[in-house]
Amino acid sequence: MASKAIKLKKLNEQVIVLTGATSGIGLATARMAAEAGARLVLVAREADALDALAHEMRQRGVEVATVAADVGVQDEVAKIGRTAVERFGRVDTWINNAGIGTFGTLEEVKLEDMQRLMQTNLWGVVNGSLEAVKLFKAHGGGALINVGSEASDRSIPLQGTYAASKHAVRAFTESLRMELEKDKAPISVTLIKPAAIATPFPMHAKNYMENEPTLPSPLYSPELAARTILHAAEVPERDLFVGGQAKLASVLSQILPRTIDRFMRAAVFKQQQTDQPSSPARRDALHAPDARRELRQRADLGKKITETSPYTSFQMQSTATKTVLLGGALLAAWALTRKPARRVWHA
Amino acid sequence: MAVQLRKIDEQVLVITGATSGIGLTTARMAAEQGAKLVLAARNGEALDTLASELRRKGTQVCTVAADVGVPADVERIGQAAMERFGRIDTWINNAGISIFGRNEDVPVEDMQRLFQTNYWGVVHGSLEAVKHMKTRGGGAIINLGSELSERSVPLQGMYAASKHAVKAFTDALRMELEKEKAPLSVTLIKPAAIDTMFAVHARNYMDKEPALPPPIYAPEIVANAILYAAQHPKRDVFVGGAAKAISSSGFAAPRVMDKFMNASMFKQQKSGLPRSPNRRDALYEPDPRNELRQRQGMPNHVAESSAYTAVTLRSHKIAPVLLGLGGLLAAWTLARRPALRKAFG
C-alpha cells in the first residue's frame, strides 16, 4: 500500500534505468521490460556484455542505451543520468539493482572486501537514488525502485556485511521516501526484498568458505523478482517481498529473534555451502566483473526453483482485492471452526 | 547463554567515544563501580583531563587517542589494553555522530564520514575485541545501535542507515560466535532519544538548529543498561520504552509510522533557533569547546528512569511466561466450550 495519488505510466510508455543489467535479476528485468515495450538505459561495469545485450534487444526493435559504469562512483552515476536525458529526454523508472556478496565469517573476510561490497550495495544505491530524484523532480516524477533483500530485515551468518548493506539500504530508502512525501513529490519509492533467488549471485560472490557457496532453499526464480520489480514501476508500492519465505523470515525475526538465531545456527551455515570444495583459482565479481560469466539470468544451484509465489502475487493485488481475499480467508477460517449443526436422524 | 561474565569491579572495560554523552556517563559510572578502564576518543587532551579526574578517585585508567574509523587506531586501543591490563572483559563500541538534513541536501562525502565512524568504527572495534577476547576467557561485546536500528526517520537518513547496518553486523557476529561456542556475549543497545551532546555535535543542513524529539531520556539509563549487559549476557536492550514502541509500531504499521513521522519529525527535530552561522560540529574533527559534557541540557523534560528498560533488563523469562500464560488461557477456554454448549443446549 502506498500513495495512490502518484500516477505511473504503463511500461510501454516508460524510460527505465536499470543497474546490474547484465546478470541475474537485472538481466531478467531488462528482458521483461524490453518485451513490455519500455525504452531502456542499461548499466553494468562490463561494456562488452552490455553491448551484446543491447544488440540482442535491438534486433527485436527495443530502444536501448548502455552505460558502462560502477554505481559505487558518484561521477559515473551522474553519467548514467546525463546519458538517459540526452538519449530519451527523461527517466520514468530508476531501478537500483546492482549488488554483490561475500561468503565467510566476519572474522575472516578482509576489510577491503567488506568495504568494496558496501561501496556497491549501499553507496551505489545512495548515488543512484539521489541522481534519480534529481531527474524525477526536473521531469515530472517517476518510480524509484531499490533492490534490498530478505536480509534487509534479518541478518544472516556468513553474509554479515551483505546483510548490513541491505539493512542500510532499507533505512536510507525509508527516510528518502518520507522526505519526498513531505515535499509532495510525485515520486514513488519502493523497496524490493527478495528471498533467495536462483541467479549467479553465489558464483559472483567472493568466497572465504572451504566449499562453494550456494543459497538455502526455497529458491525462487529471477523472473518472479523481475515481475515484482516491474509491477512497482507501474503501481506505487511501499515495499514488496519476492517469495513468501522472505515475508515469513521477516515476521519470525521480529517476534522470535532468538529462535531464528538458533535455527540459523543449526541450518543456515550448512545450507550456504555445497559439498564442492572451492577452487583456489576461483574468480568472483567483487572488485571487477567476471567476463566469463556474463549474461546469465539463472544459475543451476542443484535445487528446485519455485516459479510462482502466492504471497508475492497477493501483495501486488489492489487494496480492494486484498480486502476481499483476506476477508474470504477469515470467513473460511471462521466457518471451519463452527461445529457442524447437529443432524437429527429420524428412524 | 552459558557465557560467564565477571562483576564490574573485576573487569577491564574498553569504551570508545568516552569523552562525551553516553560514553562519558558510562565511564564515570564504571569507575565508581570499581572497573579498570581503557578510554578512547579522538581528543587526547579531553581524555587526559578525564583520566586525571578518575585517577584522583583511585580508578585505574589508560587512554588512547584514536579515531575508530581507522583500523590501525583501533588496533592501538586493543594493544594498549592488553599491555596495561593483560586482558579485556568488556568492549563497548559507543563512538557515534550524526547529520541532520534531507538526504538530497547532505553531500555524499559527509554521509560516508558518518558511516565510517558509526558502522566501520563498530566493525573495527568488534573484530579487535574478538581477537583479544575469544581465546582468553571471553567477555562481552556491547555495540551501540539505536531505536533507529529498527525504523528510519526523515532528516537523519544516513544515521538511521548506519544504525541499521550496526544491528545486522552485530546479529551476524553473534550467530557466528555462538556457532563456534565462543565464550562471548554480544549485545546491541538500542536507545531512544538521549540527552547528550548528540544534537550539538551533529552536522546540520537544516534551516534550524537540530533538536531531539520527545520523549528524551537521561544518559545514566543507557550507562546503567550497558553496565548491566557487561555483567549479564543480553541479546539486545531497548533503552526507553519509546524505543520499543517505535520499533514495534514501525514493524506492525509502517505506513502509519511514515505518516506519523512526517507529521511530527520535521518539526520535532528542529529547535526554534535558526541555524547558527558559526556552528561547529564534530563530524570530521572533535569539537574541543564542547568536550567532557554528559548532557546538552534539554529545555524539555528528560525522563530520569525507564520502567520498560528496568523491567526488561532483568527479566529473561517474562516473554515466555506471558506466552505460556496466554497459551494456558487459550487452552482452558477451548476446553470449556463443549461444556458451555452442553449447559446451554
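Modeller: Helices here are DSSP runs of H or I with at least four residues, strands are runs of E with at least two, and both are numbered from the N terminus. On that count, chain A has 11 helices and 13 strands. This is a predicted model, where local features need pLDDT of at least 70, side-chain atom pairs count only at pLDDT 80 or more, and totals for chains, interfaces and linings use all residues. Residues are numbered from 1 along each chain as its sequence is written, while chains are lettered from A and ligands numbered from 1 in the order in which they are written.

Colleague: Why is A:Lys339 called exposed?

Modeller: Count the other C-beta atoms, placed from the backbone, within 10 Å of a residue's own: 20 or more is buried, 12 or fewer is exposed, and in between is partly exposed. A:Lys339 has 8, so it is exposed. You'll find A:Lys339 in the segment after α11 (319-337) of chain A. For chain A as a whole, 52% of the 347 residues count as buried.

Colleague: What makes β1 (residues 12-16) of chain B a mostly covered strand?

Modeller: Five of its five residues are buried. B:Val12, B:Val14 and B:Thr16 point one way, B:Leu13 and B:Ile15 the other. In a regular strand the side chains alternate between the two faces of the sheet.

Colleague: How do you know which strands β1(B) pairs with?

Modeller: Pairing takes at least two bridges found by DSSP between two strands. Five bridges join β1(B) to the parallel strand β2 (residues 36-41) of chain B, with B:Ala40 as the bridge partner of B:Thr16. Three bridges link β1(B) to β4 (residues 90-93) of chain B, also in the parallel sense, and there B:Val14 is partnered by B:Trp91.

Colleague: And what makes the chains touch, in terms of residues in contact?

Modeller: Contact means C-beta atoms, placed from the backbone, within 7 Å. By that test, 37 residues of chain A are in contact with 37 residues of chain B. On the chain A side, α5(A) gives the most, with 16 residues.

Key
Contact = placed C-beta atoms within 7 Å.
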